[in-house]
Amino acid sequence: MEWIENLDEALKPYLKALIKDTHFNKNAFLQAKNKGNAQLWIALATLYKQNITLENKIKLLEKTFREINKEKK
């Protein structure tokens with residue numbers, strides 16, 4: 001993928017990691033008519049899962065901090 005070499009250096013490791021993550025579902029996107037689109041959707045789903053996981057962790061931390069703050073009052 002020559003176009004990756006022209007990508008901003010700060011983004012390259014993230015893109016390469018995301019591509020690597022999508023290969024865990026290689027059997028799925030290889031069965032699609034449009035393999036490139038399928039791989040993009042898998043990458044989006046991976047990012048969405050990571051986002052939801054982080055949001056849930058933040059909510060748990062916020063709840064814990066609120067409870068600790070209530071105990072101190």
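Colleague: How many salt bridges does the structure hold?

Modeller: The structure holds 2 salt bridges. A salt bridge here is a side-chain nitrogen of Lys or Arg within 4 Å of a carboxyl oxygen of Asp or Glu. This is a predicted model, where local features need pLDDT of at least 70, side-chain atom pairs count only at pLDDT 80 or more, and totals for chains, interfaces and linings use all residues. Residues are numbered from 1 along each chain as its sequence is written, and side-chain values use heavy atoms, with hydrogens and water left out.

Colleague: What is the general idea behind such pairs?

Modeller: Side chains of opposite charge can pair when their charged atoms come close. Take lysine 12 in this model. Its side chain meets that of glutamate 5 at 3.6 Å, N to O. It also meets glutamate 9, at 2.7 Å, N to O.

Colleague: Is lysine 12 buried or exposed?

Modeller: Buried, because its relative accessibility is 9%. The cut-offs: buried is under 20% relative accessible area, exposed is over 50%, and partly exposed lies in between (1.4 Å probe, protein chains only). Glutamate 5, at 49%, counts as partly exposed. Glutamate 9 has 56% and is exposed.

Colleague: How is the packing of two helices described?

Modeller: By the angle between their axes and the distance between the axes. Helices are DSSP runs (H or I, at least four residues), numbered from the N terminus. Axes are lines fitted to C-alpha atoms, for helices over the stretch in contact; angles run from 0 to 180 degrees between N-to-C directions. Here, helix 1 (residues 12-22) packs on helix 3 at about 105 degrees, with the axes 9 Å apart. The two are therefore roughly perpendicular, a label for 65 to 115 degrees.

Colleague: Which residues of helix 1 meet helix 3?

Modeller: Leu18, Ile19, Asp21 and Thr22. Their partners in helix 3 include Ile42, Ala43, Thr46 and Leu47. Contact means heavy atoms within 4.5 Å. Threonine 46 touches Leu18 and Asp21, not counting residues up to four places away in sequence. Threonine 46 is buried, at 17% relative accessible area.

Colleague: Which residues make the nonpolar surface patch?

Modeller: Trp41, Leu44 and Leu47, covering about 350 Å². Patch residues have over 30% relative accessible area and no salt bridge; nonpolar side chains (Val, Leu, Ile, Met, Phe, Trp, Tyr) are joined within 5 Å, like charges within 9 Å. Leucine 47 lies in helix 3 (residues 35-72). At 38% relative accessibility, leucine 47 counts as partly exposed.

Terms used:
Accessible areas come from the Shrake-Rupley method with a 1.4 Å probe; for residues, only the protein chains shown count as cover. Angles under 35 degrees count as roughly parallel, over 145 as roughly antiparallel, 65 to 115 as roughly perpendicular and the rest as oblique.
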